[in-house]
Amino acid sequence: MSTEKKVFISYSRADSTVVIPFVERLQKDVGDVFWMDLNGIESGDQFVDVIIDAINKTDIVLFMHSASSLESEWVRKEIQYAQGKKKKIVPVLVDGKPLDGWFLFQFGGNDFIDPANETHCKKLARDLRSWL
């Protein structure tokens, strides 16, 4: 498997303490294929360019759904852009809250991943390997 970053992580930094260990766990099973903005990008214009480039180069978006991501304008923009580019979007319920509002409307029919559920995590790793 190539080491290209083929999975974009869309998340709120407020959820870093849950999201980062979850992604690190997936890396052990799937490989170093995840693109994630860990440190922040300085200017707004540069941020947009970097995010667009990263989404364009990936095949799959893991949407880390939480109360914080629901409030994030950037998460919604990332998801809308990824949808427009026909990327596979997989909702991950990082704080156990069900999909709601715009996100429920968009993804209510999708399977979702509960990172606290071992079966879900193993299935996601298997699916990612087969999709990539």
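Before you start, know that the model is predicted: local features need pLDDT of at least 70, side-chain atom pairs count only at pLDDT 80 or more, and totals for chains, interfaces and linings use all residues. Residues are numbered from 1 along each chain as its sequence is written, and side-chain values use heavy atoms, with hydrogens and water left out.

**Stop 1: aromatic rings**

Searching the whole structure turns up 5 aromatic pairs. Rings of Phe, Tyr and Trp (its six-membered ring) pair if their centres lie within 6.5 Å; planes under 30 degrees apart count as stacked, over 60 as edge-to-face and the rest as tilted.

Select Phe8 and Trp35 to begin. Their rings are stacked, with 5.2 Å from centre to centre and 5 degrees between the planes. Phe8 belongs to strand β1 (residues 7-10) and Trp35 to strand β2 (residues 34-35), so this pair links distant parts of the chain, 27 residues apart. Helices (H or I, at least four residues) and strands (E, at least two) are DSSP runs, numbered from the N terminus. Is Phe8 buried or exposed? Phe8 counts as buried because its relative accessibility is 0%. For this and later stops, buried means under 20% relative accessible area, exposed over 50%, and partly exposed in between (1.4 Å probe, protein chains only).

Now select Phe63 and Phe107. This pair is tilted, at 5.9 Å centre to centre and 45 degrees between the planes. Phe63 is in strand β3 (residues 60-65) and Phe107 in helix α5 (residues 101-107), so the pair ties together parts that are 44 residues apart in sequence. Both Phe63 and Phe107 are buried.

**Stop 2: a buried aspartate**

Move on to Asp37, in the loop between β2 and α2. Asp37 has a relative accessible area of 10%, so it is buried. Which residues does Asp37 contact, leaving aside its neighbours within four places in sequence? They are Tyr11, Arg13 and Phe47, where contact means heavy atoms within 4.5 Å. Show Phe8 again as well: its C-alpha atom is 9.2 Å from that of Asp37, and the two residues are 29 apart along the chain.

**Stop 3: salt bridges**

How many salt bridges does the structure hold? There are 7, a salt bridge being a side-chain nitrogen of Lys or Arg within 4 Å of a carboxyl oxygen of Asp or Glu.

Select Lys5 and Asp32, whose closest N and O atoms are 2.7 Å apart in a salt bridge. Lys5 sits in the segment before β1 and Asp32 in the loop between α1 (16-30) and β2, so the pair ties together parts that are 27 residues apart in sequence. Asp32 is partly exposed, with a relative accessible area of 41%, and Lys5 is partly exposed too, at 31%.

Next, select Arg25 and Glu118. Here the closest N and O atoms of the salt bridge are 2.4 Å apart. Arg25 lies in helix α1 and Glu118 in helix α6 (residues 118-131), so the bridge ties together parts that are 93 residues apart in sequence. Arg25 counts as partly exposed at 29% relative accessibility, and Glu118 is partly exposed with a relative accessible area of 40%.

**Stop 4: around Lys77**

Select Glu73 and Lys77, another salt bridge, with closest N and O atoms 2.9 Å apart. Both residues lie in helix α4, 4 residues apart, or about one turn of the helix. Glu73 counts as exposed at 51% relative accessibility, whereas Lys77 is partly exposed at 38%.

**Stop 5**

Finish at Lys86, in the loop between α4 (73-84) and β4 (88-93). Most residues other than glycine have a negative phi. Lys86 is not a glycine, yet its phi is positive, about 65 degrees. Lys86 counts as exposed, at 72% relative accessibility.
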